[in-house]
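Hi,

Here is the structure I promised to pass on.

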Amino acid sequence: METQERRFLLADLRSAIERLAQPSPGQVEWVSRQDVHPEDLVRGSIELVRAAFDNLGSEFSPVLIGRLLALVDQLNAMLGEPEAMLETPGEILRHSSWTLARHLAEAALRTPGWPSE
């Protein structure tokens, strides 16, 4: 992978994880402002983690890989929970599944082993 593509992928991944780690009001504001359905936020985040693993997986620390995989597992589980994907962003992002995803994203951000851009 070219250096510039690598940087963009890492920046996109980090942004997605930071977005998932935001407190609920920040997530509600972002989803509303971007006019993105929360399901699309979840699917897009999963795709970014997968793309990063496919292209840069060997650059991540084993602990970080575990944290990101736990987050992806949680996001996949949320897609199967209709009550976590209600139409009102405020209701969605207060759901307990979103709280768990938020904590997993925060843990991933605090984990050493992120590749340098």
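Helices H1 and H3 lie oblique to each other. This is a predicted model, and in it the axes of H1 (residues 3-21) and H3 come within 10 Å and cross at roughly 140°. The cut-off for roughly antiparallel is over 145 degrees, so the pair is classed as oblique instead. As for handedness, H1 passes H3 in a left-handed crossing.

Which residues make the contact? On the H1 side they are Arg-6, Leu-9, Leu-10, Asp-12, Leu-13, Ala-16, Ile-17, Arg-19 and Leu-20. H3 contributes Leu-41, Ser-45, Leu-48, Val-49, Ala-51, Ala-52, Asn-55 and Leu-56. Sorted by class, this contact between H1 and H3 has twelve nonpolar, two polar and three charged residues.

While you are looking at H3 (residues 38-56), please find Val-42, which belongs to that helix. Val-42 has a relative accessible area of 0%, so it counts as buried.

Now for the chain as a whole. The secondary structure comes to six helices and zero strands, giving the pattern α-α-α-α-α-α along the sequence. Of the 117 residues, 40% are buried. Among contacts with a separation of 6 or more, 73% involve residues 24 or more positions apart. The chain exposes about 6200 Å², and carbon and sulfur atoms supply 50% of that area.

Best wishes

Technical notes
Residues are numbered from 1 along each chain as its sequence is written. This is a predicted model: local features need pLDDT of at least 70, side-chain atom pairs count only at pLDDT 80 or more; totals for chains, interfaces and linings use all residues. Side-chain values use heavy atoms; hydrogens and water are left out. Helices (H or I, at least four residues) and strands (E, at least two) are DSSP runs, numbered from the N terminus. Buried means under 20% relative accessible area, exposed over 50%, partly exposed in between (1.4 Å probe, protein chains only). Axes are lines fitted to C-alpha atoms, for helices over the stretch in contact, and angles run from 0 to 180 degrees between N-to-C directions. Angles under 35 degrees count as roughly parallel, over 145 as roughly antiparallel, 65 to 115 as roughly perpendicular and the rest as oblique. A crossing is left-handed if the near helix is turned anticlockwise from the far one by less than a right angle, and right-handed if clockwise. Contact means heavy atoms within 4.5 Å. Ala, Val, Leu, Ile, Met, Phe, Trp, Tyr, Cys and Pro count as nonpolar, Asp, Glu, Lys and Arg as charged, and the others, Gly among them, as polar. Accessible areas come from the Shrake-Rupley method with a 1.4 Å probe; for residues, only the protein chains shown count as cover.
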